[in-house]
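Here's a quick tour of the model, heading by heading. Keep the viewer open and follow along.

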Number of protein chains: 2
Amino acid sequence: MATLLAGKPVVERLARNLAPRVERLKAADIVPTLAIVRMGERPDDLSYERTAMKRAESLGIAVRSVALDEFTPQSVVEAAMHDITHDAGVHGCLLFRPLPSFVSESRVCELLVPEKDIDGITLASLGSVFTDGRTGFPPCTAAACIEILDHYSVPLVGKHVVVVGRSLVVGKPVSMMLLRRNASVTICHSRTEHLEEICREADIVICATGRARAFDAEFFSPGQTVLDVGINFDTHGRLCGDVDFDKVEPLVGAITPVPGGIGTVTTSMTMAHTVEAAERAQAERSE
Amino acid sequence: MATLLAGKPVVERLARNLAPRVERLKAADIVPTLAIVRMGERPDDLSYERTAMKRAESLGIAVRSVALDEFTPQSVVEAAMHDITHDAGVHGCLLFRPLPSFVSESRVCELLVPEKDIDGITLASLGSVFTDGRTGFPPCTAAACIEILDHYSVPLVGKHVVVVGRSLVVGKPVSMMLLRRNASVTICHSRTEHLEEICREADIVICATGRARAFDAEFFSPGQTVLDVGINFDTHGRLCGDVDFDKVEPLVGAITPVPGGIGTVTTSMTMAHTVEAAERAQAERSE
């Protein structure tokens, strides 16, 4: 039986940490405010938006929902992002991606000022993750992985972490953040040879491929810590991770569940980054 | 006996590739020009500068040497970088680092426009290496590693590369460049546990720690390809790499020598990037 690395206690601790900070901001007449930009009505975007709004409300964070039609032209999407950048009342922005193919996502992202980039979508934030800088924020999912490892006191210094997936949303940024914490990091992907073997040798395995239950017991060994970043639906329409939980859980030392693991902590990281962005903006103004 | 991955044939091939490109630029009245910025007179900087000037001359690339006193104040160093950025006659800039501790290196680097950043010292270039973008250039040493692997047709797709060292000059950027080429990459460093074991399991090992002959036969296994990025002096004042060549060469499949390996190709990458910067500037103007 593996230790279950549940997201709930992490979410609760983050809430306790954020509450007095939100109070301090409100005492200075600042309501930390998150803009959520969505194009169209993809069910998973709508579901995440509802969860985020509920979480924000419980923390005293205001949400501005910017809902755009799925056929909104580039110029209008850009104008929306421009407005968010220039609106002093908005501290953070969450943009649901991918945008439709007729919209240049990179042009839209680059219109966001890094100070409000609470989900690491700008080159400035990502460059900062790579160079250990302080501009912007890392992607929330990558930050959630670190947060959950820290909460459960999983040792990182000198340890070998295998990250499967090399996206700019999880794989690459979480690898850089782990390196900064003095872990040794292997980045694998769809072209990796001997993936099972490489995974089995790690102290920690982070699965971020988006392939439903693709990781069975062959990929793991006793005592390992497993983070399952995947949020997929199986052929029966059931929510599941990248890891075949039922087969892997009896083998490893610790594992995050899906749902109730990385995903729920990710929502909290969105809130934590928004509060921090509001605090940074306040500090900047009072300088 | 390992295959010797000598730099000379790579340098010669690059020269053959650059010659007609320099000619085409000259036909358009453009002399590709590299500014070399040096503070003080560190022997290794002077030595590298002489080598670079000789290599540039042989290729028809002009060099502007900007030699600053070792006590030059921040404002004057910044002014020199500002001039390079705004001088249309300069296409690339090589800045010898580290700068003295009283100078803010990051502020100086950020004054260079990424288009002339032929050695990956700006956040824009480094961010681009991380995000697979096209802004600026990767650091020349990282580029030299890829160039030498390509020249000797070392397979990368799906292969496991262990990079020891996590600097922004070699370790991190070469890891991202290898990932882009579909290798699996492990980044190790001074805090890594079981480093020998991790190295022994790789297809390719890149040693970039700057510790003289720190890698003996224990770190390697038969058939591996070894890139030695180190340029160190041993206790007898002799030039040597990070790898204990005499002990390792009989064991592995292929290895770069020091001197005559990565270092000499790095100088050629400086030239190749300068020519490419001049070509990009020309294309930009004629658009």
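## Ground rules

Axes here are lines fitted to C-alpha atoms, for helices over the stretch in contact, and angles run from 0 to 180 degrees between N-to-C directions. Helices (H or I, at least four residues) and strands (E, at least two) are DSSP runs, numbered from the N terminus.

This is a predicted model, where local features need pLDDT of at least 70 and side-chain atom pairs count only at pLDDT 80 or more, while totals for chains, interfaces and linings use all residues. Residues are numbered from 1 along each chain as its sequence is written, chains are lettered from A and ligands numbered from 1 in the order in which they are written, and side-chain values use heavy atoms, with hydrogens and water left out.

## Helix packing in chain B

Start with α6 (residues 140–151) and α7 (residues 171–180) of chain B: their axes sit 8 Å apart, at an angle of about 40°. That makes α6(B) oblique to α7(B), since angles under 35 degrees count as roughly parallel, over 145 as roughly antiparallel, 65 to 115 as roughly perpendicular and the rest as oblique.

Which residues make the contact (heavy atoms within 4.5 Å)? On the α6(B) side you'll find B:Ala142, B:Ala143, B:Cys145, B:Ile146 and B:Leu149, and they meet B:Pro173, B:Val174, B:Met177 and B:Leu178 of α7(B). By class, this contact has 9 nonpolar residues, no polar and no charged. The classes go like this: Ala, Val, Leu, Ile, Met, Phe, Trp, Tyr, Cys and Pro are nonpolar, Asp, Glu, Lys and Arg are charged, and the others, Gly among them, are polar.

## Helix packing in chain A

Over in chain A, helices α6 (residues 140–151) and α7 (residues 171–180) have axes that come within 8 Å and cross at roughly 40°. α6(A) and α7(A) are therefore oblique to each other, and their crossing is right-handed. In α6(A), A:Ala142, A:Ala143, A:Cys145, A:Ile146 and A:Leu149 touch A:Pro173, A:Val174, A:Met177 and A:Leu178 in α7(A). The tally for that contact is 9 nonpolar, no polar and no charged residues.

α6(A) also packs against α1 (residues 8–27) of chain A, at an angle of about 95° and with the axes 10 Å apart. That makes α1(A) roughly perpendicular to α6(A). Here A:Pro9, A:Val10, A:Arg13 and A:Leu14 from α1(A) meet A:Glu147, A:Ile148 and A:His151 from α6(A). This contact has 4 nonpolar, 1 polar and 2 charged residues.

## Where the chains meet

How much area is buried between chain B and chain A? About 2600 Å², with carbon and sulfur atoms giving 57% of it. Buried area is the accessible area (1.4 Å probe) that two parts lose on being put together, summed over both. In chain B, the residues losing the most area to chain A are B:Phe130, B:Lys172 and B:Leu179, together 24% of what that side buries. Each chain brings 30 residues to the contact.

## Salt bridges

A salt bridge needs a side-chain nitrogen of Lys or Arg within 4 Å of a carboxyl oxygen of Asp or Glu. B:Asp132 pairs with A:Lys172, with the closest N and O atoms 3.6 Å apart.

Within chain A, A:Glu49 bridges to A:Arg38 with a closest N and O distance of 2.4 Å. A:Glu49 is in helix α2 (residues 43–59) and A:Arg38 in strand β2 (residues 33–39) of chain A, 11 residues apart.

Most residues other than glycine have a negative phi, and most peptide bonds are trans. B:Arg97 and B:Pro98 are joined by a cis peptide bond, omega about 0°, and B:Pro98 sits in the loop between β4 (92–95) and α4 (105–109) of chain B. The bond from B:Val258 to B:Pro259 is cis too, with omega near 0°; B:Pro259 belongs to the loop between β11 (254–255) and α10 (262–285) of chain B.

A:His194 isn't a glycine, yet has a positive phi of about 55°. Look for A:His194 in the loop between β6 (184–188) and α8 (195–200) of chain A.

Technical notes: Contact means heavy atoms within 4.5 Å. A crossing is left-handed if the near helix is turned anticlockwise from the far one by less than a right angle, and right-handed if clockwise.
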